[in-house]
Amino acid sequence: MTTATQLRCDIKDAKLAASGKKRILWADRDMPVLTRIRERFAKEKPLKGVRLSACLHVTSETAN
């Protein structure tokens, strides 16, 4: 990869992507409340126009 085409990100180990995706899909499938929250927020847009920042530890739940 040349410098112009390199991705700029803070991924520590890209080899973990497949297992991470598996955990995200598990959380989506086995935690139906996440789907309900996503659907509700998509419809109501409670954060529309709000500017916020957050720092969080990404888990399979928060990825959803």
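View 1. Leu52 is exposed, at 57% relative accessible area (exposed is over 50%, buried under 20%, partly exposed in between, with a 1.4 Å probe and protein chains only). This is a predicted model, with residues numbered from 1 along each chain as its sequence is written. Local features need pLDDT of at least 70 and side-chain atom pairs count only at pLDDT 80 or more, while totals for chains, interfaces and linings use all residues; side-chain values use heavy atoms, leaving out hydrogens and water. Leu52 sits in the loop between helix H2 (32-44) and H3 (helices are DSSP runs of H or I with at least four residues, strands are E runs of at least two, numbered from the N terminus). Together with Val33, Ile37, Phe41, Leu47 and Val50, Leu52 makes a nonpolar surface patch of about 540 Å². Patch members have over 30% relative accessible area and no salt bridge, with nonpolar side chains (Val, Leu, Ile, Met, Phe, Trp, Tyr) joined within 5 Å and like charges within 9 Å; a salt bridge puts a side-chain nitrogen of Lys or Arg within 4 Å of a carboxyl oxygen of Asp or Glu. Areas are Shrake-Rupley with a 1.4 Å probe, and for residues only the protein chains shown count as cover.

**View 2. Lys45 and its backbone.** Lys45 also belongs to the loop between H2 and H3. Its phi is near 50°, a positive value in a residue other than glycine. Most residues other than glycine have a negative phi. Lys45 counts as partly exposed, at 46% relative accessibility.

**View 3. The largest pocket.** About 180 Å³ of space lies here. A pocket is an open set of points on a 1 Å grid over the protein atoms alone, where a 1.4 Å probe fits, with protein on both sides within 12 Å along at least five of seven lines; lining residues have an atom within 4 Å of a point. Gly20, Arg23, Ile24, His57, Val58, Thr59, Ser60 and Ala63 form the lining. Helix H1 (17-30) and helix H3 (60-63) each give two or more of these residues, and H1 has the largest share, with 3. By class, the lining has 3 nonpolar, 4 polar and 1 charged.

**View 4. The second largest pocket.** This one holds about 160 Å³ of space, lined by Asp10, Ile11, Lys12, Asp13, Ala14, Leu16 and Ala17. The lining splits into 4 nonpolar, no polar and 3 charged residues (nonpolar is Ala, Val, Leu, Ile, Met, Phe, Trp, Tyr, Cys and Pro; charged is Asp, Glu, Lys and Arg; the others, Gly among them, are polar).

Methods: Points joined across faces, edges and corners; volume = space filled by probe spheres on them.
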